[in-house]
Amino acid sequence: MQIFGNLDIDDNIQIVANLYSDIDYSKIHYIKNFLNLAPQNPRKAKNLSLGERQRLAICRSLIRPFSTLILDEPFSHLDKENTEKATLLINEVLKENNANVIFTSHSKSNWQILNKSLLV
Amino acid sequence: MFKSSKLYGVVLSRGIRVPIIFSSVSLFIGTFLSIISFFFISFIDLSTFFSEADDIFYVVSKDTKLIHTINKEKLYFTDEDLNQLKNLNGVKNVSKIYTSKFPSRIYISGLANFYSEIFLEAIDNEFLSVDTTNFNWNQNQKRLPLIISNEFLHLYNYSFSGANNLPVLTTESAKFIPLKIEIGSKLGSLEVYSAKVHDFSDRYLSILVPKNFMIWANNIFADEKNKNSKSTKIIVEVDRKEFTDFITLIDDKNYIVQNNKIGISENLKLLNYSLGLLLLISIGILLISFFFIYLANMILIEKEQKNIQKLQLIGYSIREIQFYIFKQSFVGIFIAIAFSIIISIIGLVQITELMNNFIILDNFKIRLFIILFVILALSIIIIYFSNLYIIKNIKKNHKTSFIS
């Protein structure tokens, strides 16, 4: 997770958004809210829980345009509820971008949640 | 949300401000001193550092007393006087200075109404400080070569030209001006000669013509009673290391030394060494300040190794990261250089105004422009190599972190 500890959630997202001139900020807000990453008191990333950091990393990977998404154990620190939410969101963004995903996971259940999976 | 540059500031912010401020301050001092010392050194003939000439040339005359205003004979140097000087320990050569004994005036060819009364002088060619290869004359020659004191050129450039709306002249451009010298006798005969500046000299404050012309012209144009080769002034070449006997005789005979070159030359040498030392110190300060810049960049790249790597992994190019580090390092430095240039120019203008009565500063604007151009060129070279250096180090650290 290439999270910057001395930046808060918004700035960690912004530092990725700055790379693209035509970024859709309404999409960023939607993803943030969907992953429950809009806290009342903004904290620096180094003070976030592992689960929050994981959701932040997923959020950052989804806000940019892509044709193939590579995820290395994306749900490792997430509880069941957040895993389901994240999976729904990933599926939605993949469909929107007409993109593929390659991901690794130790849990069989995670493989089945995504719409089309190739088990290796 | 932050703008990109501010985010960089938060991400890559550790501990380079102190060395950057320190290097900016030392860069300011170094640049300021360099400009000042380099500027003044550019006016000084560096050959004085390496000159092995031990001789000094003195122009000597007899003291003018009230009695001499009636009887001028006492002002002339006799052969006995000359021999006495020649025989002194340390005196290498003595020559009469031949002065014109006829009225003469000079003007630019075609501008006869715009003339100046002058007097001409001549000395043996061996006493001249310039190349004398073509400084000669024969009786069929209507063109006179002139050696003019640099002081006259300065006087023209800084006083006369301004008052009469005339262009300023350099030593080279003055050599191309066609001049006319009109020589007249009290009997009414008038002779006009073309004249050309052969060279400018610092050794002798006068307008010099070839010696054989002066002797010939005095014979032709001077009054009968003045047709002699007596001189009221002589030039003496003295060994710098052995001039005690000469000084003693000057005091004993109450002679007047018109150009005390020894004092000027010693003071000039001391000034040269002081300015040279100042330039060396300022270059030293500049080098230290650039070392601090190097150190600051090293600290930044080393301390922020992980964050730089993260930035690269999320998609930032090396050039973008390098530009931020470069900007962080060089904003202070640019301000320091710009500030020191402004202060230096103001200082130089003030100093030159104060010193205008003591030294003549040729081509002030051109020299200042050259110095600023050199500093700008050096800054660009340093910036270019710093950029390359930052990129190289980021790449090196990137590879190292992946290996480890």
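The model is predicted. Chain A contains five helices and two strands. Along the sequence, these elements follow the order α-α-α-β-α-β-α. Of the 120 residues in chain A, 27% are buried. Among contacts in chain A between residues at least 6 apart in sequence, 73% link residues at least 24 apart.

Helix packing in chain A was examined for α3 and α4. Helix α3(A) spans residues 50–63, and helix α4(A) spans residues 80–97. Their axes come within 11 Å and cross at roughly 5°. An angle under 35 degrees counts as roughly parallel, so the two helices are roughly parallel to each other. On the α3(A) side, the contact is made by A:G51, A:R55, A:I58 and A:L62. On the α4(A) side, A:N82, A:A86, A:L89 and A:V93 take part. Five of the contact residues are nonpolar, two are polar and one is charged. An α-helix has 3.6 residues a turn, so residues three or four places apart point the same way.

Most residues other than glycine have a negative phi. A:E73 is not a glycine, yet its phi is positive, at about 45°. A:E73 sits in the loop between β1 (68–72) and α4 of chain A. A:E73 has 13 C-beta neighbours inside 10 Å and therefore counts as partly exposed. A:N98 is not a glycine either, and its phi is positive, at about 50°. A:N98 belongs to the loop between α4 and β2 (100–104) of chain A. With 7 C-beta neighbours inside 10 Å, A:N98 counts as exposed.

Chain B has 404 residues, of which 25% count as buried. Its secondary structure comprises twelve helices and eleven strands. Of the contacts in chain B with a separation of 6 or more, 81% are between residues 24 or more positions apart.

In soluble globular proteins, nonpolar side chains tend to be buried together. The largest nonpolar core holds 37 residues. Within this core, B:L146, B:L208, B:V209 and B:V236 touch the most other members. Several elements of chain B each give two or more residues to this core. The strands among them are β1 (55–62), β2 (91–99), β6 (143–149), β8 (190–201), β9 (207–208) and β10 (233–239). Helix α7 (211–221) of chain B also contributes two or more residues. Beyond its neighbours within four places in sequence, B:V236 is in contact with B:Y58, B:V60, B:L85, B:V91 and B:V94. A second, separate core has 26 residues. B:F32, B:L300, B:L311 and B:Y324 are included in this second core.

B:L311 also features in helix α10 (residues 305–313) of chain B, where B:N307, B:I308 and B:L311 are buried. Viewed down the axis of α10(B), the buried residues fall within an arc of 100°, so they line one face of the helix. Just after α10(B), B:G315 adopts a positive phi of about 125°.

Conventions:
Residues are numbered from 1 along each chain as its sequence is written. Chains are lettered from A and ligands numbered from 1 in the order in which they are written. This is a predicted model: local features need pLDDT of at least 70, side-chain atom pairs count only at pLDDT 80 or more; totals for chains, interfaces and linings use all residues. A nonpolar core is a set of buried Ala, Val, Leu, Ile, Met, Phe, Trp, Tyr and Cys residues joined through C-beta atoms within 7 Å. A residue is buried if 20 or more other C-beta atoms lie within 10 Å of its own, exposed if 12 or fewer, and partly exposed in between; C-beta atoms are placed from the backbone. Helices (H or I, at least four residues) and strands (E, at least two) are DSSP runs, numbered from the N terminus. Two residues are in contact if their C-beta atoms, placed from the backbone, lie within 7 Å. Axes are lines fitted to C-alpha atoms, for helices over the stretch in contact, and angles run from 0 to 180 degrees between N-to-C directions. Angles under 35 degrees count as roughly parallel, over 145 as roughly antiparallel, 65 to 115 as roughly perpendicular and the rest as oblique. Ala, Val, Leu, Ile, Met, Phe, Trp, Tyr, Cys and Pro count as nonpolar, Asp, Glu, Lys and Arg as charged, and the others, Gly among them, as polar. The arc is that of the directions from the helix axis to the C-beta atoms.
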